[in-house]
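This report covers surface charge, salt bridges and backbone geometry. The chain is shown first.

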Amino acid sequence: MKLDVNALGTFYRMAREGAGLAAGRLTHMLGVETQVGVTKLNFMRGQEIRRDFEDSTEKVGVRVKLTGGIEGYSVVVFERENAIRIVETLLAEAGPDADVDADVGDVDGFDEMTESAATEVGHIMNSGFIDGWADVLETVIDVSTPEFVEGKSSEPFFGDIDEAPADDDLALLFQSQIETVGTEVGFSHYLFPKRESMSKLLERLRTSDGIEYDKLDGFDRMAERGAEEVAKTATTLTGIDTSVEIRRLNFVSLEAIPEQVAEEKLVGVAFEFDGMPSGYLLFLFDEESAHEIVDAMVPMEVDEDGFGEMGTSAIKELGNIMASGFLDGWANVLDTTIDHSTPEFIHDIGAAAVDPVIIQLGENQDFAFVFDTVVMADGREFDCEVYAIPDESDLERALNSLDVDRIEDAKTTAEFQEVDNT
């Protein structure tokens with residue numbers, strides 16, 4: 001099975017179109033304004049998908065089986081409290097003639113009426129997504145009778161679906177979110193396509209020779225090796241026991257990246273890297289985490305805001321080591337050379353921290369692969385986001401030459417440049 005950026009771009013447009021239709025139908029049904037949140041194509045391992053569900057939060061879902069233009073399963077998942085809010089709104093809209101109690105917030109479980117209402121909402125959402133996909137693909141997708149599911153783990157939602165990936169398998173997953181304006185009601189959407197069905201679609205949509213799917217799996221594992229080296233070197237430098245975890249590889253529109261950045265003051269470093277592949281690398285911390293890093297790395301009192309000359313130098317030095325951990329690992333596995341620039345310090349609010357990189361990348365491409373990475377320090381989560389954004393044409397050439405058997409054997413020891421503190 002092969003894919004390329006054009007095929008993935010079409011899938012992304014499918015997801016956006018479907019989310020837009022679903023949002024419009026939710027607005028019409030509930031009488032409340034809605035907006036489409038972030039839409040992503042995720043490359044996730046089965047264990048990560050399951051972990052998303054196993055947070056002890058009760059969830060409610062509606063799933064349908066697909067045949068025709070796409071075969072597989074489409075599942076809409078709400079947190080239970082959000083599902084209850086939607087049902088309350090829907091039953092209230094039905095008016096007094098509905099002869100039902102619209103306040104279901106204290107009900108331990110869904111009764112026949114509330115389960116039916118939740119199923120109707122989920123089915124309309126699923127249908128919106130699927131109709132959007134069919135419009136983009138100019139095909140027909142048939143949908144089964146909707147099935148209501150609930151539980152605290154992934155088992156009721158995906159446990160009996162053959163298309164759901166095993167723990168170590170990398171799956172292409174559609175994920176979208178819609179939010180009602182002014183409330184906290186939202187949901188996530190998942191598509192589990194059959195591999196054969198997805199392979200046929202990719203064959204039809206590709207405009208280049210494409211990348212073998214196992215090469216992308218190798219790219220994900222290659223990044224994990226780099227993350228391990230980042231953790232070792234960051235621990236050595238800061239004295240704080242640090243681990244770095246890559247949860248998923250996202251394929252997103254460049255214009256969507258700033259939307260994902262928290263609207264708060266951020267501190268970080270940016271790099272341009274050159275070789276095979278080339279691209280940009282950003283590490284962004286919230287201010288509190290950045291202060292803790294400075295306190296750990298600078299054995300003396302620093303400026304009051306923590307980001308004077310010495311604080312800036314500490315953040316840049318850590319970023320330099322983290323960048324080397326990622327990129328040296330990639331270069332060793334790809335048997336190539338990747339050089340990166342000296343670190344550029346960032347201290348800005350939200351999207352402004354990433355806009356300069358997005359503008360430069362946008363001159364040559366519309367989409368990007370971005371790693372969703374979490375940095376843990378002393379058992380707690382640093383708010384550190386890592387954006388490793390390779391040039392898409394370079395990435396395709398690099399992955400086509402990737403020997404996946406080298407990944408586990410190649411060394412990932414980082415060799416980093418001295419930081420220019422001026």
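## Charges and backbone

Asp111 is partly exposed, with a relative accessible area of 41%; partly exposed is the class between buried (under 20%) and exposed (over 50%), judged with a 1.4 Å probe and protein chains only. Asp111 sits in the loop between helix 3 (80-94) and helix 4 (112-137), where helices (H or I, at least four residues) and strands (E, at least two) are DSSP runs numbered from the N terminus. Together with Glu112, Glu115 and Glu150, Asp111 forms a negative surface patch. Patch residues have over 30% relative accessible area and no salt bridge, and like charges are joined within 9 Å.

The model is predicted: local features need pLDDT of at least 70, side-chain atom pairs count only at pLDDT 80 or more, and totals for chains, interfaces and linings use all residues. Residues are numbered from 1 along each chain as its sequence is written, and side-chain values use heavy atoms, with hydrogens and water left out.

The protein has twelve helices and 18 strands. Of its 422 residues, 55% count as buried. Contacts (heavy atoms within 4.5 Å) with a separation of 6 or more are formed to 78% by residues 24 or more positions apart.

There are eight salt bridges, each a side-chain nitrogen of Lys or Arg within 4 Å of a carboxyl oxygen of Asp or Glu. Three of them are tabulated here.

| Pair | N to O distance |
|---|---|
| Asp167 and Arg50 | 3.8 Å |
| Arg63 and Glu147 | 2.9 Å |
| Arg206 and Glu203 | 3.1 Å |

The bridge between Arg63 and Glu147 links distant parts of the chain, with Arg63 in strand 4 (residues 59-68) and Glu147 in strand 7 (residues 147-151), 84 residues apart. Arg63 is buried at 5% relative accessible area, while Glu147 is partly exposed at 36%. In the pair of Arg206 and Glu203, Arg206 is buried at 18% and Glu203 is exposed at 51%.

Most residues other than glycine have a negative phi, and most peptide bonds are trans. Glu138, not a glycine, has a positive phi of about 55 degrees. Glu138 lies in the loop between helix 4 and strand 6 (141-143) and is exposed at 74% relative accessibility. Asp335 also has a positive phi, near 55 degrees; its place is the loop between helix 10 (309-334) and strand 14 (338-340). A cis peptide bond, with omega about 10 degrees, joins Met276 and Pro277.

Technical notes:
Patch = residues over 30% accessible without salt bridge, like charges linked within 9 Å, V, L, I, M, F, W, Y side chains within 5 Å. Areas by Shrake-Rupley, 256 points an atom, 1.4 Å probe, with all protein chains shown as cover. Lys, Arg positive; Asp, Glu negative; His and termini not counted. Charge placed at Lys NZ, Arg CZ, Asp CG, Glu CD.
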